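Please read the following account with the model open beside it. It goes from the separate chains to the place where they meet.

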Amino acid sequence: MSKLARVLGKLVVWGAVIATIVYLWAPLAIDLLMSFEPGVILRFPITGVSLKWYEFFFTNPLFINGMIVSFSLAIVAAVVAVALAVPCSMAFVRYKFPGKGALTSLFTAPLSTPSVVLGVALLYFFSVLNFGASFLNLIIGHLLLTFPYSLRTITATMFGFDTSLEEASMNLGANELETFEKITLPIISPGIIASFIFAIAVSLDDVGMTQFLVTPQTQTLNIALLGYWRWVLDPTVGAASAFLIFVGVGLTLLAERIVGLERFLL
Amino acid sequence: MIPAFTFANFQTALTGTYLNYVILTLRVGVVSTVAAVILSYPVAYWIARWHGHTRLKRFLLITLIASFLVGSMARVFAWYSMLTGEGFVNSLLSILGFQRFRFIGTELAIEICQVQYLMSVATLSLISPLKNLDPRFEEASKSLGAEEIRTFLNVTLPLSLPGIVAASLLCFAVTVSAYVTPLVLGAGGILMVSNLVTVAFLQVSNYPLGAAFAVILLFASFVSMYVLEKALLSRVRT
């Protein structure tokens with residue numbers, strides 16, 4: 001009986017592990033394969049091997065413009081989020097001040113707000129303020145998505161920080177700025193890089209909020225793709241998602257190389 | 001439009017076809033969450049509490065995080081290729097002698113795609129609570145003569161319950177606010193509340209109704225987040 005239970009337990013665990021690996025990789029691999037289809041509809045098995053949908057995807061001005069908008073937006077939103085999250089997390093971890101709890105809740109609230117709701121709220125907010133639709137609105141919106149993630153990741157790093165290292169540096173005659181630059185920053189840099197990668201991925205992926213803030217000139221890649229998909233069902237979307245898969249897997253391998261994956265546990 | 005205070009929009013949002021979509025959203029949330037947590041628990045348990053297999057564990061962690069960072073757009077189009085009429089799954093079905101099935105536009109397609117995403121969310125949030133379980137409880141149980149499986153059922157599983165609750169609520173909140181997945185895999189036939197908000201605002205310009213849907217969505221997500229926070233706090237205390 002106990003032997004049977006043990007075998008059964010092992011079977012369940014190994015079954016789940018193998019199922020997970022297949023479940024998570026198979027669609028990505030199949031999508032990659034199907035994007036080489038030369039015909040006009042997605043099919044399996046593919047009828048030949050062709051790069052024409054990649055060529056179409058990478059030369060279409062709609063998508064090129066989308067990539068430029070998406071990547072510049074993601075980088076700006078991630079940089080600003082990290083720049084704000086470092087001092088904020090220092091304040092939260094090291095000091096006690098009135099309203100700290102409320103402020104923490106406020107700063108992490110966008111994390112639990114559906115992005116479509118954020119989009120609607122921002123649409124009203126900008127129209128009340130008489131902001132014309134612009135790239136700045138997108139940056140402000142995406143900052144709401146990226147900042148809570150950055151704050152959480154950097155705060156986690158800050159908790160493990162041994163402040164006696166900073167005291168030692170100051171004792172040895174360094175001023176506060178030098179100490180921050182030479183001691184604090186290098187120690188928290190893995191957290192910063194992890195939060196930067198997180199922020200990039202979150203910003204690149206958003207559609208729910210973004211759709212309320214884009215103009216025809218500032219369409220992100222995802223919005224452009226959805227707009228295209230609504231009318232044309234050819235393997236372009238396969239090529240596009242293959243590209244996005246490369247970006248996502250690339251970010252993961254980069255993260256694994258530089259900072260380790262434990263920081264990405266939720 | 002005459003500005004006045006009214007609950008009429010909530011009434012519209014919660015009757016007829018709209019009510020069906022609200023219920024569908026909640027159902028997809030519950031089904032996907034339950035499936036994902038059941039599948040994720042043994043995986044997280046393996047990563048957190050079994051010894052050895054370091055390389056395979058690293059690969060699995062890369063898999064989970066990559067799947068998370070790849071994002072909804074690539075995922076949804078990948079599943080679109082898998083499930084479309086001439087896609088991989090249907091070709092497999094027809095080779096095996098079954099009839100082709102129209103996956104696109106069904107709830108099942110949305111759930112299959114959503115569970116894949118939730119696997120990352122659930123596993124990545126279950127690993128830490130499982131790792132942080134005090135091993136002395138398990139040792140005590142074993143030294144008192146309980147078999148491994150009984151130790152698991154009577155000690156490990158109950159101790160990890162707050163972690164399971166937290167992971168489930170996170171999955172639920174993520175799923176009810178899903179936007180791209182129902183848009184592409186529902187193919188217009190199936191809408192979830194996020195899609196209704198967008199349709200009301202950007203397509204038919206019924207702002208009050210759209211706002212009512214947004215409030216419903218916000219409510220569902222905030223309630224689960226509130227319970228989540230309580231669950232996390234109780235975990236910190238014990």
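Predicted model: local features only at pLDDT ≥ 70, side-chain atom pairs only at ≥ 80, totals over all residues.

Residues are numbered from 1 along each chain as its sequence is written, and chains are lettered from A and ligands numbered from 1 in the order in which they are written.

Chain A holds eleven helices and zero strands; here helices (H or I, at least four residues) and strands (E, at least two) are DSSP runs, numbered from the N terminus. Read from the N terminus, its elements run α-α-α-α-α-α-α-α-α-α-α. Chain A is more spread out than a compact globule, because its radius of gyration is 23 Å, well over the 18 Å that the globule rule gives for 266 residues. That radius is taken over C-alpha atoms, and the globule rule is 2.2 Å times the number of residues to the power 0.38. The C-alpha trace of chain A spans about 70 × 70 × 35 Å along its principal axes.

Of the 266 residues in chain A, 39% are buried. A residue is called buried if 20 or more other C-beta atoms lie within 10 Å of its own, exposed if 12 or fewer, and partly exposed in between, with C-beta atoms placed from the backbone. Two residues are in contact if their C-beta atoms, placed from the backbone, lie within 7 Å. Among contacts in chain A between residues at least 6 apart in sequence, 78% join residues at least 24 apart.

A:A109 sits between α4 (100-108) and α5 (115-128) of chain A. A:A109 is partly exposed, because 14 other C-beta atoms lie within 10 Å. A:L144 is 35 residues from A:A109 in sequence, and their C-alpha atoms are 9.2 Å apart.

Chain B also has eleven helices and zero strands. Its C-alpha trace spans about 70 × 55 × 25 Å along the principal axes, and buried residues make up 49% of its 238 residues. In chain B, residues 24 or more positions apart account for 74% of the contacts with a separation of 6 or more.

Helix α5 (residues 107-131) of chain B has 25 residues and reaches 35 Å from its first C-alpha to its last, close to the 36 Å expected, where the expected span is 1.5 Å times one less than the number of residues. α5(B) bends by about 30° at B:L118; the bend is the angle between axes fitted to the seven residues ending there and the seven starting there. In α5(B), 21 of the 25 residues are buried.

How do the chains meet? In all, 55 residues of chain A are in contact with 56 residues of chain B. On the chain A side, α1 (2-34), α5, α8 (176-205), α10 (221-231) and α11 (236-258) each supply at least two residues. α1(A) gives the most, with 19 residues. The residues of this side divide into 37 nonpolar, 13 polar and five charged. Here Ala, Val, Leu, Ile, Met, Phe, Trp, Tyr, Cys and Pro count as nonpolar, Asp, Glu, Lys and Arg as charged, and the others, Gly among them, as polar.

The largest nonpolar core has 141 residues, and those with the most contacts inside it are A:A199, B:W79, B:C171, B:V197, B:F213 and B:L217. Such a core is a set of buried Ala, Val, Leu, Ile, Met, Phe, Trp, Tyr and Cys residues joined through C-beta atoms within 7 Å. Helix α3 (residues 54-83) of chain B gives the largest share of this core, 16 residues. Leaving aside neighbours within four places in sequence, B:W79 is in contact with A:P27, B:A109, B:I112, B:C113 and B:L185.
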